[in-house]
Amino acid sequence: YKRPGLYAIDAEGWDLQPGKDGALILRCQACTSPVQVQIDYSPERTGDAAKGGNKAFLGRLDTADAQRQFAELMVEASLPPDTEVGEDVEIEIATVSKATVGGLDVFQYVALIDGGGQITQESSLVAIQHNRIVKVALNHCQGALDDSDKDRIAALFKSLKFD
């Protein structure tokens, strides 16, 4: 699958579904439990928001505390409306780091989201690409992946290339 000017990904073995506002949702066909990856881009940034690119964005995440705060904001923004953190769900930011994925420097985090039932694990990467915020989020139930599921996910992410 290619989104010209943004990214390419080998989605063999994954169901592709368009999401709202140009997002792409990939669901693993052969995984033993539900596994979903969502690739999302913001509208192009303008005005003051457009100042500074990916290097400036990552530079603002210069401490573990700043990284955890940003990860918490990202997770909270992805929750359904009217969801109260602390009442309806508990969020734990398990890890934060910077890396290079698909040729793009990214901020990445792993969040554990407990809504009272099964704990969902969100592993996400965030960056600025072509003056848009890109977020790639992998979601699955914590502890539900077997080795072949992990291999499928690793192969998908290894194939991801940003333009």
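**Close-up 1. A negative surface patch in the predicted model.** Patches are made of residues with over 30% relative accessible area and no salt bridge, with like charges joined within 9 Å. In this predicted model, one such negative surface patch is formed by Asp82, Glu84, Glu87 and Asp88. Asp82, one of these four residues, is placed in the loop that runs between helix 2 (64–78) and strand 6 (90–101), and its relative accessible area of 75% makes it exposed.

**Close-up 2. The backbone at Asp82.** Most residues other than glycine have a negative phi. Asp82 belongs to the loop between helix 2 and strand 6, and it counts as exposed because its relative accessibility of 75% is over the 50% cut-off.

**Close-up 3. The backbone at His130.** His130 also is not a glycine and has a positive phi, of about 50°. His130 is found in the loop between strand 8 and strand 9 (132–141), where it is partly exposed, with a relative accessible area of 47%.

**Close-up 4. Ser123 and its side-chain contact with Gln121.** Ser123 lies in strand 8, which comprises residues 119–129, and the side chains of Ser123 and Gln121 are joined by a polar contact of 3.5 Å. With a relative accessible area of 17%, Ser123 is buried, because buried means under 20% relative accessible area.

Conventions
Residues numbered from 1 in each chain as written. Predicted model: local features only at pLDDT ≥ 70, side-chain atom pairs only at ≥ 80, totals over all residues. Heavy atoms only, no water. Patch = residues over 30% accessible without salt bridge, like charges linked within 9 Å, V, L, I, M, F, W, Y side chains within 5 Å. Areas by Shrake-Rupley, 256 points an atom, 1.4 Å probe, with all protein chains shown as cover. Salt bridge = Lys/Arg side-chain N within 4 Å of Asp/Glu carboxyl O. Lys, Arg positive; Asp, Glu negative; His and termini not counted. Charge placed at Lys NZ, Arg CZ, Asp CG, Glu CD. Helix = DSSP H or I, 4+ residues; strand = E, 2+ residues; numbered from the N terminus. Buried < 20%, exposed > 50% of the residue type's maximum accessible area, 1.4 Å probe, protein only. Polar contact = N/O pair within 3.5 Å; in protein donor to acceptor, adjacent residues only side chain to side chain.
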